[in-house]
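Student: Could we go through this model by question and answer? Please keep it short.

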Protein chains: 2
Amino acid sequence: MRTPAQNAELALLLEVCGTPKPGNVDRRRDLEDLRFEHFLAGAVGAQDGLRMAGHGAAVGAAFERAVSGMAAQQGGNTQFGALLLLIPLVRAAREDLSQPVVESVVEETTVADAADFYRAFEHVDVFVDEPPEDLEALDVRRGADAIPTLEERGVTLYDVMEGSVPGDDVAREWVRGFERSFRAAESIANGSGPLPDRAAETFLALLAERLDTLVVKRHGEAVAKEVTERAADLHDHGAFETDRDAIEEFADELVDRGVNPGTTADVTAAGLFVALERGVVEL
Amino acid sequence: MRTPAQNAELALLLEVCGTPKPGNVDRRRDLEDLRFEHFLAGAVGAQDGLRMAGHGAAVGAAFERAVSGMAAQQGGNTQFGALLLLIPLVRAAREDLSQPVVESVVEETTVADAADFYRAFEHVDVFVDEPPEDLEALDVRRGADAIPTLEERGVTLYDVMEGSVPGDDVAREWVRGFERSFRAAESIANGSGPLPDRAAETFLALLAERLDTLVVKRHGEAVAKEVTERAADLHDHGAFETDRDAIEEFADELVDRGVNPGTTADVTAAGLFVALERGVVEL
């Protein structure tokens, strides 16, 4: 029997293993400076933070520890967004891994959790947008320097996430009861074949459904829209069953262009965790 | 900073990721019922036992726990031999990861360690030879039923390993001061390119050097000899640099024939751990 923390770590490993996952590192693809093994090391490094969450630690403290461990490899940011989904899910799994429970876990986060979230940005470079002018004091790139402002204004971690929607689909999961994560778990459970294949197929379905917010931030909405339309076309034609080569080509092309739908990968990892933890898939 | 237990888990993950590793599951190859993701789950499952060893638990107890967690996946035996090398190495790393220290760790094992080792066989099917007639009462396949005989005869885990040489090159590491494991670490450190590539190249060098004892047990000495001769030929010609395709073909052929040099993979994993833990490689 794996613990929730172990299932979360395994979800991170399975996510990077699923292939083809257009634009991202997968079992068949590396990026130039960010390779498969960095994700392996990131997942192993995250385990202390995941275990803290499994033991009931505060979301912010567990997240900061997980990020600090994840970042102890040379590839840079591998799983920041995925951990931001997994930590509250692991916390919820102590009691019951359901949408209402994870909703209360995130709604009950405090200013101290927000402070730890900001501290986590000091461990790793995360790609973020410029904040609106009135929120400049709360720019996450300030790291711990933003904490006095958080405290002054009484901003909780849930508030921070609420402020990041729209524009960040990891934050959106927080304020929408992890709806896509749970749906991804169902899609993985209903899939066929080995688990990493189901994860890759679910990744494509998720990418077909909404613009990837990391791609929007990095490359603009037009590119993100093009990516989603092409994913939708492949998904609608059942390319996973009938024309895997077309997905492989799309995957290679996005890697070549440096377009990495990282948010979609984060939600896929969350879906894998929910599926493993609920025991609806075998491994 | 990763702990020794985390480096050991990462070594298991990097080992399976290294490709081409002729005959074994690697980043590009699955066997029919034993797939890449089973090794990921095996590595995650082993972590409690590895952590116990890192905290100074007895070798037998830590090994049994690691095997029990490793076996909690549907693929069967993934990393039994590798864990039998890693557990004493992790124990040694608490003090100093050197050959003399790991030698004393294994020499100090007790009858209780032997009993836990036998218990570990109850968690998973491990491929072993028929024992000689006078050792039938100590056949590992008896599992815990052999414990009264172990106790009666005062057999320690080191004694068990000593009795398994020749014929088992994991046991040979125990009685030879982990000589090949430390040498594999040097080879990995001196290699070039990404760490999994270095591991794969070291795997080929190890396979070229001695018959794989798992291949001998399963397919006989003639097959093992043929495998080693072909590995030696590829290695001597520097095929890793000049003719990677020839190694890929050899890898596919061995997978098709069901010839899996598992002992060589175990030593490679041990070498990866030593290299990571000594900080002679970066990841």
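Tutor: Let us start with a loop. Phe178(A) sits in the loop between H10 and helix H11 (179-190) of chain A; helices here are DSSP runs of H or I with at least four residues, strands are runs of E with at least two, and both are numbered from the N terminus. This is a predicted model, where local features need pLDDT of at least 70, side-chain atom pairs count only at pLDDT 80 or more, and totals for chains, interfaces and linings use all residues. Residues are numbered from 1 along each chain as its sequence is written, chains are lettered from A and ligands numbered from 1 in the order in which they are written, and side-chain values use heavy atoms, without hydrogens and water.

Student: What is phi of Phe178(A)?

Tutor: Phe178(A) is a residue other than glycine. Its phi is positive, near 55°.

Student: Which residues does a cis peptide bond join in chain A?

Tutor: Look at the loop between helix H9 (157-163) and helix H10 (169-175) of chain A, where Pro166(A) is found. Omega of the cis bond is about -5°. The bond joins Val165(A) and Pro166(A).

Student: How do H4(A) and H7(A) run, roughly parallel or roughly antiparallel?

Tutor: Helix H4 (residues 59-70) and helix H7 (residues 111-120) of chain A pack at about 10°, with axes 7 Å apart. Axes are lines fitted to C-alpha atoms, for helices over the stretch in contact, and angles run from 0 to 180 degrees between N-to-C directions. Angles under 35 degrees count as roughly parallel, over 145 as roughly antiparallel, 65 to 115 as roughly perpendicular and the rest as oblique. Therefore H4(A) and H7(A) are roughly parallel.

Student: How many residues does each chain give to the contact of chain B and chain A?

Tutor: Contact means heavy atoms within 4.5 Å. Chain B gives 32 residues, and chain A gives 32 residues.

Student: What area is buried between chain B and chain A?

Tutor: Buried area is the accessible area (1.4 Å probe) that two parts lose on being put together, summed over both. Carbon and sulfur atoms give 58% of it here. The area is about 2,500 Å².

Student: Which residue of chain A meets Arg27(B) in a salt bridge?

Tutor: A salt bridge is a side-chain nitrogen of Lys or Arg within 4 Å of a carboxyl oxygen of Asp or Glu. Two are found across the interface of chain B and chain A. In one of these, the N to O distance is 3.2 Å, and the partner of Arg27(B) is Asp30(A).
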